[in-house]
Amino acid sequence: MTIRTAIVGYGNLGRSVEENIRNQPDMELVGIFSRRAELDTDTPVYPVADIDSYRDSVDVLFLCLGSATDIPEQATAFAASFSTVDTYDNHKKIPAHYEAMDEAAADNGNVAIVSTGWDPGLFSLNRTIASSIFPTSQQNTFWGKGVSQGHSDALRRIDGVKKAVQYTIPREDAIEAARGGHGADVTGHGAHLRQCWVVADESEHDRIREEIVTMPDYFVGYEVEVHFISQEDFARDHQGLPHGGHVITSGTLGGTTNAVEFSLALESNPDFTAAVQVAYGRAAYRLKDAGLTGAFSVLEVPPYLLAPESLEELLTRDV
Ligand SMILES: NC(=O)C1=CN([C@@H]2O[C@H](COP(=O)(O)OP(=O)(O)OC[C@H]3O[C@@H](n4cnc5c(N)ncnc54)[C@H](OP(=O)(O)O)[C@@H]3O)[C@@H](O)[C@H]2O)C=CC1
Ligand SMILES: N[C@@H](C[C@H]1CC(C(=O)O)=NO1)C(=O)O
């Protein structure tokens, strides 16, 4: 079988999903739906306004939209017409997103796999598995140093921001404390600096800075640096999208102390996130083919559904 896929939103993530699909043995890319008429790609491009007329031509639609505003505003409409996979990552609002996508997808016989990627995504899986192993455990999550696409997207959505990037920088002493089983007093807010580099007119700097440091869910509670730079300096110094992180869990079992650490080191945050999202696209197709509908988090998707290989092959190779 060949899974007919499409992308909506052609930014960092959309471009990485496009490239990733080219390497999938069981997928074809029908087209890219964008708000922009012209895109730098050989893939067919269609106006996002016309997307519903393609509902019978697409099995899985990858939502490569921003989480700050695009997903909350647009995702349920896509889930009403297509089976979707998104990377929505405003953690506080994921339960509400799940419920909204569940209603939209189930009412229309579609599947919506929500909040894939690495955090949320693979880190979510590891947090649940690792904390399930210990009767009581200490668990800490660390990100960076690297570029958070979600936080960078949130910056770009502020009026007056022309270009922006947000680096997440963890405190190394906090990571070492967690590794030593002393992470109880370590918090995500206390363990990370959020460093923002922004291009905007000087007359807007004070307002933009205030909007950043008071932005709920994204920046409030963290140590935040806001640096305003020129377009030229931004182009010279801020082009890469590396990232990574760790989920560190420790606990006692009987009289022994044991620890689990899941780490990522990413040269390209969007390339890795796209690879996870596309694998869940395979699962979305299979879930719908099995007659299931509604929303699924990564915690509810059996891992074998992600793989191009058969379960029998995986049992031989991976178990
Ligand atoms: N769960 C996880 O682990 C991860 C999640 N993410 C999520 O992925 C989301 C998308 O990230 P990213 O792709 O970097 O965001 P981008 O800003 O690059 O792209 C997002 C959207 O912005 C629009 N866009 C992009 N460039 C332009 C432009 N030049 N002009 C007008 N519109 C533009 C695109 O729509 P259009 O083409 O229609 O204009 C696209 O839908 C993030 O918000 C984050 O929440 C990212 C990494 C990891
Ligand atoms: N969702 C994140 C992926 C990781 C990175 C991150 C952070 O730096 O705060 N949190 O989760 C992203 O958009 O890059």
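Guide: Welcome! In a salt bridge, a side-chain nitrogen of Lys or Arg lies within 4 Å of a carboxyl oxygen of Asp or Glu. This is a predicted model, in which local features need pLDDT of at least 70 and side-chain atom pairs count only at pLDDT 80 or more, while totals for chains, interfaces and linings use all residues; side-chain values rest on heavy atoms, without hydrogens or water. Residues are numbered from 1 along each chain as its sequence is written, with chains lettered from A and ligands numbered from 1 in the order in which they are written.

Visitor: What makes Arg-207 and Glu-211 a salt bridge?

Guide: Their side chains meet at 2.7 Å, N to O. The limit is 4 Å, so the pair qualifies. Both residues lie in helix α8 (residues 205-213), 4 residues apart, which is about one turn of the helix. A helix here is a DSSP run of H or I with at least four residues, and a strand is a run of E with at least two, numbered from the N terminus.

Visitor: Why is Arg-207 called partly exposed?

Guide: Buried means under 20% relative accessible area, exposed means over 50%, and partly exposed is in between (1.4 Å probe, protein chains only). Arg-207 has 30%, so partly exposed is the label. Glu-211, at 33%, is partly exposed too. Elsewhere, salt bridges with shared partners join Arg-35, Asp-70, Asp-153 and Arg-157 into one network.

Visitor: How do you know that Arg-157 and Asp-70 belong together as a salt bridge?

Guide: Their side chains come to 3.0 Å, N to O. This pair links distant parts of the chain, 87 residues apart: Arg-157 is in the loop between α5 (149-156) and β9 (163-170), and Asp-70 is in helix α2 (residues 70-81). Asp-153 also forms a salt bridge with Arg-157, with closest N and O atoms 3.0 Å apart. In total, the structure holds 20 salt bridges.

Visitor: What makes Ala-174 count as buried?

Guide: Ala-174 has 3% relative accessibility, and therefore counts as buried. Ala-174 is found in helix α6 (residues 172-179). Leaving out residues up to four places away in sequence, Ala-174 touches Phe-142, Val-186 and Ala-191, where contact means heavy atoms within 4.5 Å. The C-alpha atoms of Ala-174 and Ala-191 are 6.1 Å apart, although 17 residues separate the two along the chain.

Visitor: Which element gives the most to the shell around ligand 1?

Guide: That is α5, with 4 residues.
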